[in-house]
Amino acid sequence: MSKTIPPSCPEPETGQKYWRSLSHLADTPEFRQWVEREFPSGASELSDPVTRRHFVKIMSASFLLAGFGLSGCRRPEEKILPFGKAPENYIHGAPQFFATAMPTRGSAIPLVVKSNDGRPTKIEGNALHPDSNGASDHYAQASILNVYDPDRAMRFVRNGNIVKREAALDFLGELSKKSQADGGQGLCFLLERSSSPSRARLRKLISDKFPKARWFVYEPVDFDVHRQAASVAFGKSAKPYFKFDEAKAIVSLDCDFIGGEEDAYLHIRRFTKGRKIEKPTDAVNRLYAVEALFTLTGANADHRLRLPSSAVELAVKLLGTKISWQFAPEVGPRQLDDEKASEWISKCAEDLLKNRGRSLVIAGHRQPQSVHLMVHAINAALGNIGKTVVFLDAPEAKEETIADLAQALNSGQVETLVMLGGNPVYNAPADLSWARAQRKAKTIVRLGYYEDETAEFCDWHLPLAHYLESWGDARTADGTLVPVQPLIEPLFGGISELEVLARIGGLEKVKPYDIVRETYGGIAGDGEDNWKRFLHDGFLPGSAAKPVEVQFNANAAATVIGAAKPVAASTKDTLEVVFHRNYKVDDGRYNNNGWLQELPDPITKLVWENVILLSPKTAKDLRLDVRNNENNKLYVPLVRIEFDGREIVGPVWVQPGQADNVVGLALGYGREKTGRVGRGSGYDAYRLRTTKALHFAGGAKLTPTGQTHQLATTQDHGAMEGRPIIREANLEQFQKNPRFARAMDLEKPPVVSPLYSNPLDKLKEKGLHQWGMSIDLNSCVGCSACMLACQSENNVPIVGKDQVTRNREMHWIRIDRYFTGSPEDPQMITQPMLCQHCEAAPCENVCPVNATSHDEEGLNVMTYNRCVGTRYCSNNCPYKVRRFNFFDYNKLPLDKLVGPVYNTPLAHATDGEWDLVRWFKNPDQGFRPADEWELLKLVKNPDVTVRMRGVMEKCSLCLQRIEQAKIAQKVKAGPSGDIKLKESEGTVPQTACQQACPAEAIVFGDVSDAESRVSKLKALERDYTVLDFLLTKPRTTYLARVRNPNPAMPDYQEWPLSTKEFTEQNGNPFEHHEGGHGAGHDEPHASGKPESAGKGAD
Amino acid sequence: MAEAVIASSLKLQPPPPELARQPLVSNQRPIGWISDAVAGVAEGKTPKWWWYAFIPSVLMLTMLGAMILYLMSKGVGIWGLGQPIMWGWAIINFVWWIGIGHAGTLISAILFLLRQRWRTAVNRAAEAMTIFAVMCAGIFPLIHIGRIWFGWWLLPLPNANSIWPQFRSPLMWDVFAVSTYFTVSVLFWYMGLIPDLAVMRDRARTKLRKCAYGLFALGWTGSNRHWSNYERAYLILAGLSTPLVLSVHSIVSLDFSVSQLPGWHTTIFPPYFVAGAIFSGFGMVLTLLIPLRKVCKLEDVITVRHVELMCKVTLATGSIVGYAYAMEFFIAWYSGNPYERFTFINRAFGPYGWAYWIMISCNVLTPQFFWFKRIRTNMLIVFILSIFVNIGMWFERFVIVVTSLHREFLPSNWSYYSPTWVDVCTYLGTFGLFFTFFLLFIRFVPLIAIAEVKAVTPQADPHHPLGGAKEGGHP
C-alpha cells in the first residue's frame, strides 16, 4: 500500500449537498424529525412489547433494504476519506480502504480497514503510522466480527421496555438540565479507560459545568499500574514506553509483554527485531523471564524461572541487591529460599550489569506498584532509563476507583449513575456485591455493547456503537494522535460514548464528528486540508508524546515499597491463585466473538473455554488424575476452588512449566448473560476476585468434585518425538555450524534421474512469477494474529467446541506448539503451519477429479467447484494442512455450535419453517435464523468463495490478493506490457497472515526474483524444509530458530532440548561435518544406525 | 461304483481306499436327486428359517437406506471422521466387502481353469456372494464423498469445460477396476445360470414362474450347439475374470500404496491384498455355506471334503497374509526411515495396539488350526473360525486405514478416531443389503450349479447304474 496524497475535494464545502425530497430541500421541521427517526414505519412497531425475535426480524429486514437496495444510505454522512482512493472514484465492487484506529484501554492500534460496498470486511494495521509496521493483534483482527454480532445491543431500553431512540436522547437532555441546576450533585460516571483526547476534553467540560459530578474508572484488567508506578517513581505523570529493540538483555518479571500486556503487538515487533539474524555473527538479544504461569513471553525466553507471582517481589529485591542499586528496601520475613532461583537471579544480574544501558527490566501489570517501583530503581541503576525505556508525558487522571463508587452507592450518595461501557455486574470485584450496590442509585443509565449482566440492573440501556461505526480519536502507545473513523453507519442506531457525554453535558455540538473535529482543531489547528490529511493518513504526524526527563525518586518509592505487605508462600493446601487476562476473550469483552473463542490458546491450545491451570507436580500432589488419552475425548476432573469464603468450579488443566502450588484462573468466561456464541463457555473466575486479591493471592483450597468435563483442543500431542520439524540451535552452535538446520535433514531417496520429468517444471517457464514463502521461526512468537487475519480474509468459518473435539477446526493456518524437556521446566516452540505449496504436491495426483492442481506460478490451487470431497488429498498431505467442511459450517446456526449438530434438515425446522423448505427458498442461508444470516453474511470477503459442505479447502497464499495486484498492474501497464509484479516497485501483495504478523516472521514473495526479500531469506543458511526427505519441494520454507542462552546460568542447556532429543535418536548431525555439506546423506549410517536398529527390532 | 467306472475306462488298478478321492457327491445319490435337492430349495414352500432371516435383513436394509438419506441430508460429518483421519469405516468397509467379493470369482474362474472339479458345488453361491459383496462395497466409495450428488464426476464424461478425471489418481483406477469386476462377475454368474434357469423353467408349476424363468433362460434347450457355445463362452469369461480377481484388489491396494503415508506406502500391498482378499472371501464362503448346507439339506452336495478344501485355501492365504505382516515390519526396520519405523511400532504398541492384536490373532493364528484334519472336518469349529477370519480381515483394513493416519509425520496432528453410531449402523445396514439379496437368491435361483455338479459326477454317465433318467425322473 503506497502512500498516496489525497486529492482535494471538488465539492463546495458549504450548503446542501444532497436533497432527497422537496421537503428535505425545504428543510421543514417535519422533515428533520423524519430524518431523526430512522425507520418510520418499523419504529412504531417497536413500542409494543413484542418479542426480541420479532424485533430482530424487522431490524434485519430494514437492514437488508438499507444495506443492499440502497447501499448508499448506510455510508456515513460525514466526509471520510478513503485510503488511497478518492470517494468520487468509487467503483462498485472495488474495495476501499480507510484509516482508523481501534481504541484499547490506554492506547490504540492504528488501522486501515477494508470496506466492500460500505461494509467493513477486513482490518489491517496502518503501516504509515510512525510506530507501526502495519501489523495488528488478534483482538483487532477479530473485532470486526463484533460489528456483525447478532447478539449485540440493538435497542433503546427503559426498565425492560423498548423505547424510541428520541426518548432516550430526551432523557439525557433532561439529565443535563437537572445537573445544570444542581451542579451535578449525585451524578456519577463509571468509565472504562480510554486514550481519547476528545473524551478527556468532554470530561473536563462537564467537570467544569457540573463540579459536583464524580468520575470513576474501572477496568478489570488494568494496565494503568505502569503509569501509576512511574508517576510515583519519578514524581510526574508519565507512561513507560519500552524499546525492546535497543535492549540486549531483557528481564521480564511476571510481565507477558508478548501476550497479555497492552500493546503487545508493538512489543513483539521491537523484541523480534533483536532476534532477526542473517549471519552467525549477528547479535541476538537475550530474554530472561520470571513468571508463575506459562506465557508466550516465557515460551520465547532464553531462560525461564518459574516462581509464584507473590515470589516475584522477592526475586526483584534479590536482583536489585545483586546489581547494587542505590536503594535498600527492608528485607521482609520471606526470602527467596530456592537456591537455584537465587543463583539464577545472580547470574542474570551479572548479565544485566554487562549490558548497562542496553538492558531492560520490566514488571507485569499483575505485580503490585512496589514491584514496579523496584524495577524502575533497577533500570535507573543500570542506566536504562532514556535508552531502553523512555517515559512519555501522560495526562494525570483524577478519578476514583470502583470501590469508591461502591461505597458512594451504598451510602446513598449516587442519584444518577452513568455507565459508559464496562460490565461491572459481571466483572467487579466480588466483595463489592456490585449488583446490589448498583441498584442503590436512583437512576442508572448505561451505554453498552451487549445487553449483558449489567444491562439487567439498569433503568436505561442504550446501544453502544462499535468503533467502526462511530467517530472518535485516540492516542497510540507513543502518544501519536489517531482518528477513529467510522466505516458504516451504526447498524442498530447505536450511539457513541462521546455523544452521550456531550448530551449529558448539554453541549451545543453533540455529534461525535463535530466533537472529534473540534478536539483535533485544538491540537493541530483547524483547516480542511489538515483535517483531511489526518483522516487519510490515519495519524497526526509529529504528535507523538515527547519523552520526559525523569529522575528516580528513591524516597517516594521506598515509602510505597515499605508499605507493601508480603504474601505468604503457597503450599498445596494454600494455593496461590493468579487471575490472568485471557488471551482470547480478554476480560470477557470478546466472549461472544466466535473467532476468538475458537482461536486456540497459544499455550494450552484449548478452545471455547477457560481452565484451572496447575503445574504437573501440584496436580500430582493433589492426586488429580488428569488423563490425556489423546483419543479426542479429553475428559478432565472438575474441581472446586475455595478462596476467601467464595468458590468456583472448573475443569483442571495440567500446564507444564507452571510454578508449583499456583492456580491460574483466566478471566472472561462463565458469563451468565452473553450471546449465542459465548453461552455456556467456561467458568467465571471473577467470583473469586476481590479488591484485596485483584491479581494474585495465597490461601486457596482445591478439592475435586468427582465429576469430569470434556475439553476441546486443537493439538493433542505436544511432543515433537525427536523429529526435525522445528530445528533449533544455540547461538554458539550456529556460529560453529551455520548450516545446522540442513545437517538435520533426513537421508533423501537417491533419485539419480527421475522416470519422467515433472510436468510442472515446464509449467514454471510459463509463469511470470514464482510465489514462495519464508517463515522465520526465530521471530515467530506464537501470537496467533495470523490465524485470525487469515480467518477474516478467507471467510474461514468457526465450527464450535463439539466439532473441535472431533478435530474439524477449519483454520487455514495454525500454530503448532511443541514442548520439549521435562514437564517441570519445558521449552516451548511454535511453528506456523499452512499449505506448503509443494512443487511436487502429493495432494494433486491423488485427487480423482482434478480439483486440486498446480498453477504456473507455483501455487497449489483448489478448485472448490470441482471438489467432490473424497478427502484423499488430505490423507496424502504430510503436513495435514487441508481442511474439510464436514457440515455446512458457514450456514450453521450459532446456537448449534455448542452441541452435536446432527439434526437433519429432513426432520428439523428453524424459525417455524421446515428446513428443506427454507433451503429450497434460499440455499445460501441454510438453516441459520434470519437475524444471524442477515448480519453474518456481511462480514464475508466478497473476493473469496464461501465454501460449502463436503469441500476440501486450504491456504491459497491469498490468491485473491495476488490476482488483484496482477489486475492492477495490468491496468497500470497498459500497452507497455509491463505486467510483472516487482517487489522493488512495491506491487507484490502481502498475504493476510504476513500483513498481520507483528514480528514480520512471515515473508511472501516472488522466489524467481533474486532481489526479493523472500529469495534472500531462502538463501540464508538457516533455511530448511519441513519433511525434506519426502521430496515434495515445498515453496514454504522455514528459518531455523537460534536460541541465545547464557552459559553462566544454572539452567543453561548446551543444546536446545528439541535438538537434544533429535540427536539422541538420530545421532549428532554436527559431529562429522564442518561447513558446506548438503543433505547430510551419511548421518543415519554413522551414529544413528545401531540405536535405531535396536528400536526397530522391538 | 465309481471305482468300477474308472477301472473299466482306464484299465488301471483302483487306488488303495485311503488314497481314493472322495466322491464329489456323497451317498451315491442318483442324478435326478441332485436336481430335486437343489431346485427344491427354490421351489418348495418358503421355509420358516428363511423368513426369520429375511425379515431382519430387510429391516437392516431399510436402516441402510435411512443412514444414507441422513448422510446425504447432513454431510459426512455425522461419521467419526476428522483431521487427520479423513477415511474411516466407509473405506474400511469398502475394502472389506471387496475382499470378500474375491472368493466367488476365484472359485468360478481360476479353479475352473485349474480343473478343480470340487468348485462346482460352491461356485454358484460364492459368485452370488461376490456380486452382493461388491454391491455392498460399491456403496461406500459413492456415499463417502463430501458431495454425493457429484459422484458422477469421477466418470470420464465429455463436458463443455473439457475437464477430465485425474487419471493419475488411484481412486480413478478404482472406479474402473470395481465397475469392470462387477460387470464381468455378473455376466459370468448369469452365464453359468442359464442351463439351471432352464431347469427351473422346465420344473415350474405356475405360469408366472414359467414365464419368469423362461425369460431369463434365454430359450435354452440343452442342445449340443447350445452346450458347445456355452462351454466356449464360459471358458472365455473365466479367462477374462481371472486377471480381474488379481487386479481389483491390487488396484484397491494402490489407493494406499500410491500415497506417501508411512504404513500405506508399501510395495508389497498388491499381492498381500490379493491374498488377504482370497483369505477373507473363503472365510465368508465358509460362513455362508456351512449353515446353508445344513438348512437346505445339501450335505451330500456340499460335502465335508469341500469344506476341508476351502479350509486349506484359507490356511494357505492366511499364512501369506501373516508373512506379509512380518515383512512389513522387517522393511520398516530395514528402510532406516524413522517415520516408517515409528508407524509400525505404533501400530503394534500404540493406542490402536488392541486392533492390531485382534488382527494378528484372527488372521495369523486362526487359520493355523486348519493344519489339523479334525478341526477341518468339524463343521461347528470351522464355522466359528471362519467368522474370526472375517473379523480379522475387517480389522486388518481398520489397522491399515486408521492407525497409519492417526499418527503420521507431524505430531501436532496426532489424534484418535472413534466411529459414531451412524458409522456402525451404516455398516450393519450393508449386511442387510447383502443378506436380503442372498436370501432372495436362495429362494429363487438354484444355489448350486446343477448342470455343473452333474457333469462332474460319475452318475452323469447315462450308462452308470444311477445315471440318466432311470431314477429320479427329472432332467
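The legends below describe close-up views of a predicted model.

**Figure 1. Overall build of chain B.** Chain B contains 17 helices and 0 strands. Its C-alpha trace spans about 80 × 55 × 45 Å along the principal axes. A compact globule of 475 residues would have a radius of gyration near 23 Å, and the 24 Å found for chain B agrees with this. Of contacts between residues at least 6 apart in the sequence of chain B, 81% join residues at least 24 apart.

**Figure 2. Surface and charges of chain B.** Buried residues account for 58% of the 475 residues in chain B. The chain carries 35 positive and 21 negative side chains. The centres of these two sets lie 4 Å apart.

**Figure 3. The aromatic pair W471(A) and Y513(A).** Over all chains, the structure holds 83 aromatic pairs. One of them joins W471(A) and Y513(A) in an edge-to-face arrangement, with 4.9 Å from centre to centre and 70° between the planes. The pair links distant parts of the chain, 42 residues apart. W471(A) sits in the loop between β16 (460-463) and β17 (472-475) of chain A, while Y513(A) belongs to helix α18 (residues 512-524) of chain A. W471(A) has a relative accessible area of 5% and is buried. Y513(A), at 12% relative accessibility, also counts as buried.

**Figure 4. The aromatic pair F132(B) and W189(B).** The ring centres of F132(B) and W189(B) are 6.5 Å apart and the planes stand at 75°, so this pair is edge-to-face. F132(B) is part of helix α6 (residues 119-143) of chain B and W189(B) is part of helix α7 (residues 170-203) of chain B, so the pair ties together parts 57 residues apart in sequence. F132(B) counts as buried because its relative accessibility is 7%, under the 20% limit. W189(B) has a relative accessible area of 15% and is buried.

Figure 5. With a relative accessibility of 17%, R517(A) counts as buried. Apart from its neighbours within four places in sequence, R517(A) is in contact with D526(A), G527(A), E528(A) and W531(A).

**Figure 6. Surroundings of E453(A).** E453(A) is found in the loop between β15 (443-448) and β16 of chain A. The residue is buried, at 5% relative accessible area. Its contacts, leaving aside neighbours within four places in sequence, are N423(A), V425(A), Y426(A), R671(A), E672(A) and K673(A). From E453(A) to E721(A) the C-alpha to C-alpha distance is 47 Å, and the two are 268 residues apart in sequence.

**Figure 7. Surroundings of D431(A).** D431(A) is placed in the loop between α15 (424-427) and α16 (434-438) of chain A. At 29% relative accessibility, D431(A) counts as partly exposed, because this value lies between the limits of 20% and 50%. Not counting residues up to four places away in sequence, D431(A) touches R646(A), R689(A), T690(A) and T691(A). D431(A) and A247(A) are separated by 184 residues in sequence and by 42 Å in space, C-alpha to C-alpha.

Terms used: Residues are numbered from 1 along each chain as its sequence is written. Chains are lettered from A and ligands numbered from 1 in the order in which they are written. Side-chain values use heavy atoms; hydrogens and water are left out. Helices (H or I, at least four residues) and strands (E, at least two) are DSSP runs, numbered from the N terminus. The radius of gyration is taken over C-alpha atoms; the globule rule is 2.2 Å times the number of residues to the power 0.38. Buried means under 20% relative accessible area, exposed over 50%, partly exposed in between (1.4 Å probe, protein chains only). Contact means heavy atoms within 4.5 Å. Lys and Arg count as positive and Asp and Glu as negative; His and the chain ends are not counted. The place of a charge is taken as NZ of Lys, CZ of Arg, CG of Asp or CD of Glu. Rings of Phe, Tyr and Trp (its six-membered ring) pair if their centres lie within 6.5 Å; planes under 30 degrees apart count as stacked, over 60 as edge-to-face and the rest as tilted.
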